Amino acid sequence: MSNSEQQFDFILYGATSFVGQIMVEYLAGYTSEEYTWAMAGRSERKLQELKQRLNLNEVPCFVADATDETALKALCEKTKAVVSTVGPYALFGETLVKVCAQSGTDYCDLTGEPQWIKQMLGKYEADAKSSGARILHSAGFDSIPSDLGVYKLQQAVIEQTSAPAKHIKMRVRKVKGAASGGTIASILNVFKEVKENPQLRKVLINPYVLCPDGHPFKQRQKNHKGAEHDKTLGVWTMPFVMASINERIVHRSNALLGNQYGEDFLYDEAMTAKSGLQAWTFTLGLGAFMLAASLSPLRKLLANYVLAKPGEGPTPKQQLDGMFDMRFYTDMPNGNKLVVKVEGDRDPGYGSTAKMLAQAVLCLSKDIPDLNGGFWTPASALNRPLIGRLAKHAGVTIEVM
């Protein structure tokens, strides 16, 4: 391997994290194309143990702490792109975004923290545009399936009617998977931030909070707070936790695509339930969790004694047995419904997320040479090339039914 600068297509930062290890295992067996990569993290011992366990002796390793700007700059000098699995990003992610944005290094992550993305946009979007760095947040289960599902359905509607769909509903029909400690830590940290800064509530409830300044969107968006019966689909629905990030990424995509979905576009997400009882039971349970997480003593109790801790998560068998099935619906002028189906063949947050994140950074590094610097979304930056990659290499299909 050459010792010249930018010798790697990407460096995986956080390789020994829970999702990072799953992604390393995926890359260890991914031989469908030529690419160069390296692993990085804060522990030399853990990196070497991972290399030995997976027999990856030819993959270089680099040590850098998440707050060490000098070490992260040295990392960026070696690569076209960095992909980060080090969360919660609100606690550990800013320095790497800063370095990438200022050095012209492409960047991908899997954050689901809208308040943090908003902060990064305010601080570093101008730097990224100036340096040419393409920054891509939320390139995992949140929010690739939602973002690309809407994109796919809108392209089908535009092709058939020459105008975009005014309203799209996403419904999670089936999902099988478990949350890791890292995801739980990110969720609990959001509640902690809101407690310390009540103004963040306005950020978190604004569906257009990630859209560029001056966007024209004013349409009031539906927020699924409780159980309800959807008469148009004939199903009971309940809140979908990831809607709080997915809906905001979709609206940002619309803005970055030149308002391609229309200025009055409506989009909402929910999960389907087998019955009203299940919908209400889930909604009440979610409400109880959110109340507990908003109170400092109970939040600490949950973190220390009840919920999974960072580094913990679903077993390999649970990841393999996991799956997800999401449907995107819109009404056509002739009265029929047009539907896009998005399916994944692994645990959504980990098995599938690791594959989606790997294909996203490869797509950005190898397939999208002419994209300008800035903060992008999966649909606005990668759209069709990534849809093809996911179907071919990641077990995620996005197709019109």
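Trainee: At what angle do the axes of helix H7 and helix H16 cross, and within what distance do they come?

Mentor: A word on the ground rules before the numbers. This is a predicted model, in which local features need pLDDT of at least 70 and side-chain atom pairs count only at pLDDT 80 or more, while totals for chains, interfaces and linings use all residues. Residues are numbered from 1 along each chain as its sequence is written, and side-chain values use heavy atoms, with hydrogens and water left out. Now your pair: the axes of H7 (residues 144-161) and H16 (residues 383-394) cross at roughly 115° and come within 11 Å. The axes are lines fitted to C-alpha atoms, for helices over the stretch in contact, with angles from 0 to 180 degrees between N-to-C directions. Helices (H or I, at least four residues) and strands (E, at least two) are DSSP runs, numbered from the N terminus.

Trainee: Why are H7 and H16 called roughly perpendicular?

Mentor: Set the angle against the cut-offs: under 35 degrees is roughly parallel, over 145 roughly antiparallel, 65 to 115 roughly perpendicular, and the rest oblique. The crossing is at roughly 115°, so H7 and H16 count as roughly perpendicular to each other. The crossing is also left-handed, a word used when the near helix is turned anticlockwise from the far one by less than a right angle; clockwise would be right-handed.

Trainee: Which residues make the contact between H7 and H16?

Mentor: H7 brings Ile144, Leu148, Tyr151, Lys152 and Gln155, and H16 brings Asn383, Arg384, Leu386, Ile387 and Leu390. Contact here means heavy atoms within 4.5 Å. The set divides into six nonpolar, two polar and two charged residues. Ala, Val, Leu, Ile, Met, Phe, Trp, Tyr, Cys and Pro are nonpolar, Asp, Glu, Lys and Arg are charged, and the others, Gly among them, are polar.

Trainee: How do you know that the length of H7 agrees with its number of residues?

Mentor: The expected span is 1.5 Å times one less than the number of residues. The 18 residues of H7 should therefore span 26 Å, and the end C-alpha atoms are 25 Å apart, which agrees. Helix H11 (residues 276-294) passes too: its 19 residues should span 27 Å, and its ends are 27 Å apart.

Trainee: What makes H3 oblique to H5?

Mentor: The axes of H3 (residues 69-76) and H5 (residues 94-103) come within 9 Å and cross at roughly 45°. That value makes H3 oblique to H5. The crossing is right-handed. Glu69, Leu72, Lys73 and Cys76 of H3 meet Thr95, Leu96, Lys98, Val99, Cys100 and Ser103 of H5. By class, that gives five nonpolar, two polar and three charged residues.

Trainee: Why is Asn55 called exposed, and what is Asn259 called?

Mentor: Asn55 has 60% relative accessibility, so it counts as exposed. Asn259, at 24%, is partly exposed. Asn55 sits in the loop between helix H2 (44-54) and strand E3 (61-63), and Asn259 in the loop between helix H10 (243-256) and strand E10 (266-273). Ala126 lies in helix H6 (residues 114-131), and its 58% makes it exposed.

Trainee: What are the phi values of Asn55 and Asn259?

Mentor: Phi is near 55° for Asn55 and about 60° for Asn259, both positive. Most residues other than glycine have a negative phi, and most peptide bonds are trans.

Trainee: Where are the cis peptide bonds of Pro88 and Ser143?

Mentor: One joins Gly87 and Pro88, with omega about -5°, and Pro88 lies in the loop between strand E4 (81-84) and helix H4 (89-92). Another runs from Asp142 to Ser143, with omega near 20°; Ser143 is in the loop between strand E6 (134-136) and H7.

Note on methods:
Buried < 20%, exposed > 50% of the residue type's maximum accessible area, 1.4 Å probe, protein only.
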